[in-house]
Amino acid sequence: MKKRIILLILALATMVGSYSQSNSLIDSLQNVLKTAKEDTAKVSNLISLSKQYIDINDLENAMRYAKSALALAYKISYEKGKAITHDNLGTINKIQGNNPEALKNYFASLEINEEINDKKGIAQAYHHIGNIYTLQDNYPEALKNYFASLEIRKEIGDKKGIADSYNNIGNIYYIQRIYPEALENYFASLKIREEIGEKKSISGSYYNIGHTYERQDNYPEALKNYFAALKVKEEIGAKKDMAVCYNNIGIIYHRQGNYPEALKNYLASLNINEEIGDKSASGGTYCNIGLCLMEQGNYSEALENLLISVKISEEFGNKEFLSNGYINIGNIYIAQGNYSEALNYNNIALKLHEEIGNKKGIAVVYHNMGKICNQLGNYPESLKNYFASLKICEELRDKPGISSCYNQIGGIYLAMGDNPEALNIYLATAKIAEEIGNKGMIATAYGNISRVYVNQNNFQEALRNIDISLKIAEEIGNKGTIATAYYNMGNIYHQMGNFSEALKYFMIGLKKSKEIGESLLIASSCQDIGSIYSQLGNFEDAKNYIEEGLSLSKEIGNIKSIKIGYKYLSELDSKQGNFEQALVNYKMYTLYKDSILNEENDKELSRLKIKYETEKKDREIELLNKDSEIKSLQLEHQNASLLASRLEGEKNKSQIMLMNNSMEIQQLKLAETQKDLEYQQAEANVKAAEMALLNKNSQLQNQLLEKQKLQRNGILFSSILLLMLGLLSFRSFRLKKQLEKQEAIVQERQRISADLHDDVGSGLSRIMLLSEMVKKVSKTPETRKEAEKISSISQELSSNISEIIWALNSNNDYLENTVAYIRRYAAEYFENSAVKLKIESSGNIEKTHINSEHRRNIFYAVKEALHNIMKHAQATEAELKFALHRDKLSVIIQDNGIGMPNGEWNRFGNGMKNMSERMKSINGDFNIENRMGTKITLTLPV
């Protein structure tokens with residue numbers, strides 16, 4: 001305890017010292033600023049102040065000094081200062097979460113750096129732009145900018161920058177699960193960091209490489225790199241990072257079934273976290289320790305650690321961690337065969353994940369429920385839950401999750417004797433696992449494919465596939481999969497009648513399954529060994545092994561394994577002549593068999609399969625339609641680009657023609673000037689002889705000059721007129737094309753609106769009518785409930801389609817129509833509610849035009865505000881006001897509800913943020929006030 005207090009005092013002293021140093025530097029910079037002239041030095045001083053305030057997270061002052069620096073840099077035309085300040089502003093915006101504004105400033109910095117050819121600044125701008133695109137999940141653009149930064153850093157020999165670029169590129173490939181490319185870039189980054197001796201970054205590279213190998217289930221390589229990262233972290237004394245490394249090393253040993261080493265590293269991580277006071281991280285480690293103890297069969301200590309983890313999650317209010325804790329407690333009850341408690345905890349976890357909208361967590365719960373029902377032999381309910389999990393994983397494009405669901409569904413089809421369907425699903429599992437490079441999944445998939453071939457008596461293919469599974473499992477050190485592979489190999493030889501080989505592999509499998517405490521595999525191995533001894537006539541050993549396996553099967557409550565145990569006992573009794581006991585055991589076998597296989601189960605499985613396939617096809621059609629729309633828009637964009645290129649070409653051609661004409665005119669002028677000079681020279685030669693004609697010649701010369709002046713003026717006027725005519729023609733042509741394009745867009749909107757109304761609208765109406773008919777004729781509450789659900793969804797879709805039709809129809813591009821539509825929507829929305837709605841409007845809004853984008857965004861912003869009143873405000877009265885004043889539309893939505901405490905917008909989800917961004921996207925304003933309720937004001941220029 002004393003040691004912890006000393007460490008806390010040291011940490012606080014370090015923080016205070018660092019803060020004091022920053023304040024001292026800020027004071028010094030501000031003193032210099034007071035007497036500074038308006039020059040580049042003052043800009044640099046303001047930039048330094050802004051950076052210091054960023055370091056201490058005082059973003060208000062950081063922004064103030066950055067804006068002052070930018071204004072002065074533009075005033076004195078200091079280009080480098082402009083670029084650095086835009087970069088600073090981008091960083092401030094990024095910290096504030098304003099990614100669009102951050103991008104705007106980073107692009108401004110990039111443009112200025114390119115103008116002054118500052119290569120280092122260009123590379124840094126590309127790097128920062130890549131970071132923003134990464135935050136926005138726009139990975140293609142992120143990669144494009146990281147690669148641009150990398151090329152420039154290579155050009156200027158910036159080794160640290162090159163290493164950072166490789167690391168960032170690796171991160172993008174890792175997020176996209178392109179693991180070979182991720183590793184290639186992480187190794188390139190590591191090599192350079194080792195050259196320059198940057199220890200903190202070196203440890204980060206080792207950690208990233210280890211994490212990538214872990215995602216591929218390549219445990220030996222993952223361990224090697226985690227240990228390398230830990231060594232560097234220990235050298236630099238980074239305790240928090242050391243705890244993370246110990247925890248990850250523990251996870252790898254855990255997955256390999258090496259529980260003593262796993263616990264040793266988990267405890268090392270826990271000790272450090274408790275020493276530095278990181279309670280949140282301690283909660284995660286307690287969870288890992290609990291899971292490790294559970295897999296060793298130490299359920300009481302496992303439950304103790306998991307409950308500590310759950311308590312810490314409750315303290316921090318972390319619902320995601322809390323729900324995962326409940327799932328893990330449920331897993332303990334599964335292992336103990338207490339399936340009712342397991343289902344209870346998974347249901348609590350499901351409710352929490354649904355509250356926070358965590359689809360990934362919901363999928364995990366459904367997956368676990370599928371396992372529980374499978375253990376109980378309830379295949380239809382198991383399949384229903386696996387399909388529910390699979391549907392969410394497909395929506396999230398979670399390939400590991402999809403692969404895991406396929407694996408479990410294949411197991412149900414295999415148990416039901418549907419070998420072709422099981423084989424198709426296992427092959428699909430292997431394909432997905434190979435795509436994402438997950439070796440553990442690949443090994444499991446090949447093992448399951450082998451089981452199907454055994455059922456089909458194709459022993460050659462069975463042996464080939466189990467050999468692949470075993471080699472991959474041994475390569476990655478996955479003890480559970482190794483044990484399963486040996487068991488499956490024994491089963492193949494058992495089916496082939498090669499009892500000596502079968503016994504050998506079953507014994508190896510039994511030994512390895514006991515090492516990792518895999519109860520079901522131990523039970524299965526014992527029963528199969530007993531069956532072989534029975535066939536070899538060694539009845540005593542046969543009975544001992546079969547009864548041991550049956551006893552363990554009953555402990556864990558696995559119906560399939562219990563069924564097999566009674567079957568083997570019945571066969572053993574028959575061989576020994578104990579026919580009465582053989583009949584008793586056979587009846588027990590039949591009882592458990594019938595509880596698993598019956599006609600109703602088959603029908604339910606078929607129904608679930610058809611339902612899943614239908615929903616999958618509907619989703620594929622929907623995706624195809626979206627792809628078609630995207631391609632159509634891309635084609636329109638390409639056509640527009642081609643038209644613009646063609647117009648640009650014609651413009652350039654016209655400019656070249658004008659330049660050629662101008663050159664010809666200049667050549668004519670030169671020729672005429674040359675002739676004038678020759679004529680003047682001739683006059684000079686005869687001047688002495690023709691003095692009498694001097695006055696007349698002078699008059700003729702004046703007339704000739706006047707004529708030349710008129711010619712020059714005429715040519716100049718003609719050139720200007722020709723240029724103006726060319727420009728007017730080009731402008732007229734461009735306007736015509738723009739009008740044609742705008743008219744085509746309006747016509748397309750009208751067509752889409754009509755098609756939606758005629759086709760989709762009528763189709764939804766028919767669905768609602770049919771659902772009503774189904775409700776009337778339905779004989780069961782379940783059917784009636786499903787019909788009511790279809791009717792409700794159809795009505796909701798019909799309402800959404802009506803809003804889309806209204807938004808698309810160009811006839812509604814008037815403020816009067818917009819206000820009328822919103823008024824009607826609001827009145828209908830509150831019609832049957834406890835909230836009394838008052839609607840007012842003022843100003844002449846009848847003939848005011850408003851484009852479709854503006855009216856669509858203002859409608860959805862109002863809709864979100866009304867939804868918040870209904871759902872959250874607890875109001876009894878609400879007002880909706882429209883006012884048009886000096887070409888500005890104001891919409892006020894006010895209620896007398898409980899209001900919103902300051903800083904708690906996010907309890908409404910993304911609603912407030914969406915309203916603000918919608919108004920910003922159409923150059924409007926969004927304002928919210930808390931006075932006796934909530935008042936939202938939306939302002940838009942029209």
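Strands here are DSSP E runs of at least two residues and helices are H or I runs of at least four, numbered from the N terminus. You are looking at a predicted model, in which local features need pLDDT of at least 70, side-chain atom pairs count only at pLDDT 80 or more, and totals for chains, interfaces and linings use all residues. Residues are numbered from 1 along each chain as its sequence is written, and side-chain values use heavy atoms, leaving out hydrogens and water.

Next, colour residues 877–885, which are strand 2; they pair with strand 3 in the antiparallel sense over eight bridges (pairing takes at least two DSSP bridges). Find His-885, with Lys-888 of strand 3 opposite.

Now turn to residues 888–895, strand 3. Its covered face carries Leu-889, Val-891, Ile-893 and Asp-895, while Lys-888, Ser-890, Ile-892 and Gln-894 lie on the uncovered one. In a regular strand, side chains alternate between the two faces of the sheet. Strand 3 also pairs with strand 5 (residues 934–941), antiparallel and over eight bridges; select Ile-892 and you will see Thr-937 of strand 5 opposite.

Then jump to Ile-329. Not counting residues up to four places away in sequence, Ile-329 touches Leu-303, Leu-306, Leu-307, Val-310 and Tyr-345, where contact means heavy atoms within 4.5 Å.

Definitions and conventions. Buried < 20%, exposed > 50% of the residue type's maximum accessible area, 1.4 Å probe, protein only.
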